[in-house]
Amino acid sequence: MVKLSIGIDIGGTNTAIGVVNQDGKILIEDSIPTPPKKLNSNAAQQVSDNLLNDFITEISKTIKSIRTKINFDYEIVGIGIGAPNANYNEGTIEYPPNLPFAGKVAFCEILSAELPDIPLIHITNDANAAALGEKIYGGARNMDNFVMFTLGTGIGSGIYYHGNVVYGVDGFAGECGHNTIIVDGRLCGCGGRGHLEAYCSAPGMKRTAFELLLRDHAEDSLLSAYSYKEMTAKHIYDAAMQGDKIALEVFEMTGKYFGMALATTVHHFSPEAIFLFGGPVAAGDLIIKPIKEGLEKHLLTIFRKRDIPVLISELDPGHAAILGASALVWNT
Ligand SMILES: [Zn+2]
């Protein structure tokens with residue numbers, strides 16, 4: 001009998017659900033809308049409960065429908081879920097900033113009641129899930145100690161240490177994206193100041209671009225054509241590829257900051273390698289080179305004796321979230 005896992009990625013707009021085999025092949029996938037967060041919905045417990053129950057019923061229906069399409073003997077070993085503010089230890093989602101659920105919701109327990117024949121259901125945040133995906137299906141298959149960073153709208157990280165993801169005493173460990181790199185620096189999406197995410201996420205790169213445009217009064221930069229709302233990390237990349245000085249400096253600074261933050265992570269965990277995933281990483285050496293230089297510059301001498309590879313994730317970018325979530329099932 002073929003063993004299969006179900007991976008669920010709960011995003012701000014859509015929730016993707018896929019059936020995955022042990023080799024990391026997605027056999028079938030589908031998606032449903034994630035209920036949108038409305039203003040003040042946090043205050044309304046009843047609204048939250050109704051949306052949550054409807055959402056979980058929809059997930060359950062989709063899984064049942066997907067299962068009817070599998071035309072060979074199989075066994076579903078479990079379900080893995082990647083979601084914002086997910087607590088692995090308790091199977092809960094807690095105070096999610098972009099989901100309409102109030103307080104702490106027992107997501108795994110409610111889904112399990114809908115799907116009683118599924119033997120195990122685990123949940124964690126998407127960066128921890130991505131780290132597991134890298135371990136089970138990607139470039140970290142032969143590693144027991146590594147750290148994964150996901151760069152996009154925010155910066156997430158998952159720490160894989162001696163055979164398991166580090167969840168910490170409360171289930172939330174591995175938030176290196178919110179390490180402070182500049183005292184009283186830029187406001188971060190989490191409400192804190194000076195965090196790595198505020199500098200090296202895609203929106204952080206845009207903020208750097210505007211700071212540099214102002215600093216140099218750089219009207220001749222290709223980036224000066226964009227309004228703050230319009231500019232994306234892709235515009236910065238395109239301008240850098242055309243030799244735009246401001247855009248090139250954005251990558252230099254982003255890499256420098258990120259490398260400095262990676263040095264702290266290496267000091268804490270001394271990983272075999274660091275994996276990077278996400279849009280900004282697609283810029284290749286434009287960002288990887290300054291990251292490596294920043295890392296080298298800030299490392300303690302004892303860690304310079306060996307090469308600490310900074311590697312690009314081997315997970316398929318389009319499917320990494322489902323794969324990562326599904327990997328939760330195989331790692332238990
Ligand atoms: Zn933060």
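This is a predicted model: local features need pLDDT of at least 70, side-chain atom pairs count only at pLDDT 80 or more; totals for chains, interfaces and linings use all residues.

Colleague: How many aromatic pairs does the count come to?

Modeller: The count comes to 10 aromatic pairs. Tyr 161 and Phe 269 make an edge-to-face one, 6.3 Å centre to centre with 65° between the planes.

Colleague: Where do Tyr 161 and Phe 269 lie?

Modeller: Tyr 161 is in strand 10 (residues 155–161) and Phe 269 is in helix 7 (residues 245–269), so their pair ties together parts 108 residues apart in sequence. Tyr 161 is partly exposed too, at 38% relative accessible area.

Colleague: And what about Phe 210 and Tyr 228?

Modeller: Those two are also an aromatic pair, edge-to-face, with 5.0 Å centre to centre and 75° between the planes. Phe 210 belongs to helix 5 (residues 202–216), while Tyr 228 sits in the loop between helix 5 and helix 6 (233–241), 18 residues apart.

Colleague: Which residues do ring pairs link into a cluster?

Modeller: Phe 55, Phe 101 and Phe 107.

Colleague: OK, new topic. How many helices and strands does the protein chain have?

Modeller: The protein chain has 9 helices and 13 strands.

Colleague: What is its radius of gyration?

Modeller: The protein chain has 21 Å, which agrees with the value near 20 Å that a compact globule of 332 residues would have. Buried residues make up 53% of those 332.

Methods: Residues are numbered from 1 along each chain as its sequence is written. Side-chain values use heavy atoms; hydrogens and water are left out. Helices (H or I, at least four residues) and strands (E, at least two) are DSSP runs, numbered from the N terminus. The radius of gyration is taken over C-alpha atoms; the globule rule is 2.2 Å times the number of residues to the power 0.38. Buried means under 20% relative accessible area, exposed over 50%, partly exposed in between (1.4 Å probe, protein chains only). Rings of Phe, Tyr and Trp (its six-membered ring) pair if their centres lie within 6.5 Å; planes under 30 degrees apart count as stacked, over 60 as edge-to-face and the rest as tilted.
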